[in-house]
Amino acid sequence: QVQLVESGGGSVQPGGPLRLSCVASGSFFSINDMGWYRQAPGKQRELVAVITSGGTTNYADSLKGRFTIPRDNAKNTVYLQMNSLKPEDTAAYSCNAKIRRTIASFERDFWGQGTQVTVSS
């Protein structure tokens with residue numbers, strides 16, 4: 001069974017940093033893209049950032065320059081480094097990974113349980 005477990009959420013003051021982590025565990029053949037999404041109350045889920053297994057990144061335009069998405073393939077882990085946080089960054093952040101369970105299988109989406117980030121003074 002494949003699991004994605006996030007950590008690092010919490011409350012932070014405006015302007016502060018926060019780093020989220022997401023670890024993939026279980027039995028699988030490979031992990032392709034890993035990414036972060038967020039959903040604020042009353043809004044649709046939106047892409048924050050994605051990174052391929054080769055390290056190519058893609059960010060939501062509004063977040064470029066403040067957020068980065070490092071990845072450690074040896075640890076099956078993706079991070080979200082968030083700097084200069086704003087109240088509008090408050091949301092539930094979820095990790096996503098496109099994983100092939102076996103060499104013969106297609107990739108499918110797996111999701112973490114989500115972690116809350118609250119930016120408030």
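Visitor: What should I know about the model first?
Guide: This is a predicted model: local features need pLDDT of at least 70, side-chain atom pairs count only at pLDDT 80 or more, and totals for chains, interfaces and linings use all residues. Residues are numbered from 1 along each chain as its sequence is written, and side-chain values use heavy atoms, with hydrogens and water left out.

Visitor: Why is Lys64 called exposed?
Guide: Exposed means over 50% relative accessible area, buried means under 20%, and partly exposed is in between (1.4 Å probe, protein chains only). Lys64 has 51% relative accessibility, so it counts as exposed. Lys64 sits in the loop between β6 (57-59) and β7 (67-68). From C-alpha to C-alpha, Lys64 and Val2 are 30 Å apart in space and 62 residues apart in sequence.

Visitor: And what makes Thr56 exposed?
Guide: Its relative accessible area is 54%, so Thr56 is exposed. You'll find Thr56 in the loop between β5 and β6. Setting aside residues up to four places away in sequence, Thr56 touches Val50 and Ile51; contact means heavy atoms within 4.5 Å. Thr56 and Asp33 are 23 residues apart along the chain, with their C-alpha atoms separated by 9.3 Å.

Visitor: Why does Asn76 count as partly exposed?
Guide: Asn76 comes in at 26% relative accessibility, so it counts as partly exposed. Asn76 also has a positive phi of about 50° although it is not a glycine, and its place is the loop between β8 (71-72) and β9.

Visitor: How do you know that Ser84 is partly exposed?
Guide: With a relative accessible area of 41%, Ser84 is partly exposed. Ser84 is not a glycine, yet has a positive phi of about 50°, and it lies in the loop between β9 and β10.

Visitor: What makes β1 and β3 a pair?
Guide: Strands are DSSP runs of E, at least two residues long, numbered from the N terminus, and two of them pair if DSSP finds at least two bridges between them. Five bridges join β1 to β3 (residues 18-25), which run antiparallel, so the pair meets the definition. Val5 stands opposite Val23 in β3, and Ser7 stands opposite Ser21. β1 (residues 3-7) has a covered face, Leu4 and Glu6, and an uncovered one, Gln3, Val5 and Ser7.

Visitor: How do you know that β3 and β9 pair?
Guide: DSSP needs at least two bridges, and β3 and β9 have six, in the antiparallel sense. Ser21 stands opposite Tyr79 in β9.

Visitor: What makes a set of residues a nonpolar core?
Guide: Its members are buried Ala, Val, Leu, Ile, Met, Phe, Trp, Tyr and Cys residues joined through side-chain atoms within 4.5 Å. The largest one here has 32 residues, of which Trp36, Met82 and Tyr93 touch the most other members. Strands that each supply at least two residues of this core include β4 (30-39), β5 (46-51) and β12 (115-119). The largest share, five residues, comes from β10. Leaving aside neighbours within four places in sequence, Tyr93 is in contact with residues including Trp36, Phe67, Leu80 and Met82.

How values were computed
Helices (H or I, at least four residues) and strands (E, at least two) are DSSP runs, numbered from the N terminus.
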